[in-house]
Amino acid sequence: MNVLEVKNLKKYFPLRKFGKKHYVRAVDGVSFTIKEGEIIGILGESGCGKSTLGLLISRLELETEGEIKFKDQKISETLKLPKDIRRRIQIILQNPYDSFDPRFTVGDSLFIPLKINQIGDSDDDRRNMILEHMEKSGLTPSKDLYRRYPHELSGGQLQRLSILRAMLLKPDFLVADECVSMLDVSVRADVINLLMDLVQSLDTSMMFITHDISLGRYVSDRILVMYLGKIVEMAPADVIMENPLHPYTKILISYSPTLIKKKTRIPIKGEVQTLLSEPKGCRFAPRCPYAQDICYQIEPNLVEISPNRFVACHIVEKEARS
C-alpha cells in the first residue's frame, strides 16, 4: 500500500520584477508514490526545489496546483489537517536551532507534543518516556539536558532531540530535510544511525532530502533526482548509482569523491538558475554537455525506460527505443 501519492504537484512563488509579476517555479509538475516503510532520497543541487517539496508534503506550505494523498486520504488544498493526521506526518528541519522555541526547555519542547497527542498515560509517564529515549540516544545525563534551554546545547545534541521529538509521536511518514548538513562530520554518522534505527523500528516511511549523493545511497531504497523543480530521474538507489542515465545524474555522481575512487569529472556549465518565465525545452539543456537541438525546443517527459526506472531525457529515450 502507498503511504503517499503525489500527482502533478506545483508550487509557484510570485515575484515582481521591473514592475511585472513573475513566478518562481520551485516545484513544477512532480508526481511519485511512496510505499509503506519505503525510504526515498531526494537529490539535487541547492535551488532545485527539494526543500520546497518537503514543506509541501509535510503541509507547512500550500501548493499552487496538484494533489497529495496520505493513505488514500486527500490532504492537499489545505494546511489545516486533523490532529491525528498531523501527528502521523512529521518533519525534521535542516537547522536544529530553528526547530526549538528558545523560551522553552528542551524537555518541554518534547513533552508538549506528547501531551497534545495524548501519548502516555500520565505526565510522569511522558517524562519518563522522554528521559528513557534520551538515554538510549546518547543524550546523557538526560535529567540535566531535559532542564536546559536550546542555546545551551550543541547542534548535534539538538538535532538528536529533533529526531526524538518527531519519532516519539510514532509517525507513519517523515520528511528529513538535510538533517545533518549543518553538523560537524564527526557527529553526522551517529545522528544518521539514530534516525535510521528509529525509522526502521517503527517501520516509518521517509523522504530523505540531501545533496550528499553517497549519504543518499546509504539511506535510501529509491532515489529521485530533481533539477529546477522537475524530476529528471527516478529508480532504485543502487541502480542509479551504478548506472546513471540522465546527464545531470551522471554529472552529480562524477563529482562525488566517495562513490568512485578513480573517475573523470564530467564538465558542467554555470549554476542552477531560477525559472521566472515559462520554460522552453529541457531545463538542463543550457548546462548539458550532450544537448542536441531537440533539447532546446521540446521539454522531455518523465518516461519509464525499464521497469521501475524513469528518466526525462530525449537522448536517453532515443537510445532506449533503438
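**Reading local features**

Reply: Arginine 59 counts as buried, because its relative accessibility is 1%; buried means under 20% relative accessible area, exposed over 50%, and partly exposed in between (1.4 Å probe, protein chains only). The model is predicted, so local features need pLDDT of at least 70 and side-chain atom pairs count only at pLDDT 80 or more, whereas totals for chains, interfaces and linings use all residues. Residues are numbered from 1 along each chain as its sequence is written, and side-chain values use heavy atoms, with hydrogens and water left out.

Me: Where is arginine 59 placed?

Reply: Helices (H or I, at least four residues) and strands (E, at least two) are DSSP runs, numbered from the N terminus. Arginine 59 lies in the loop between helix H1 (50-57) and strand E4 (65-70). Its phi is near 65°, a positive value in a residue other than glycine.

Me: Is aspartate 72 buried or exposed?

Reply: Aspartate 72 is exposed, with a relative accessible area of 54%. This residue belongs to the loop between E4 and strand E5 (73-74), and its phi, near 70°, is positive in a residue other than glycine.

Me: How does one describe two packed helices?

Reply: One gives the angle between their axes and the distance between the axes. Axes are lines fitted to C-alpha atoms, for helices over the stretch in contact, and angles run from 0 to 180 degrees between N-to-C directions. Here helix H3 (residues 106-116) packs with helix H4 (residues 123-136) at an angle of about 125°, their axes 10 Å apart. That makes H3 oblique to H4, since angles under 35 degrees count as roughly parallel, over 145 as roughly antiparallel, 65 to 115 as roughly perpendicular and the rest as oblique.

Me: Which residues of H3 and H4 meet?

Reply: Contact means heavy atoms within 4.5 Å. Gly107, Leu110, Phe111, Leu114 and Lys115 in H3 meet Asp123, Arg126, Arg127, Met129 and Ile130 in H4. The residues of this contact comprise five nonpolar, one polar and four charged; Ala, Val, Leu, Ile, Met, Phe, Trp, Tyr, Cys and Pro count as nonpolar, Asp, Glu, Lys and Arg as charged, and the others, Gly among them, as polar.

Me: What joins threonine 140 and proline 141?

Reply: The two are joined by a cis peptide bond, with omega about -10°. Proline 141 is in the loop between H4 and helix H5 (142-146).
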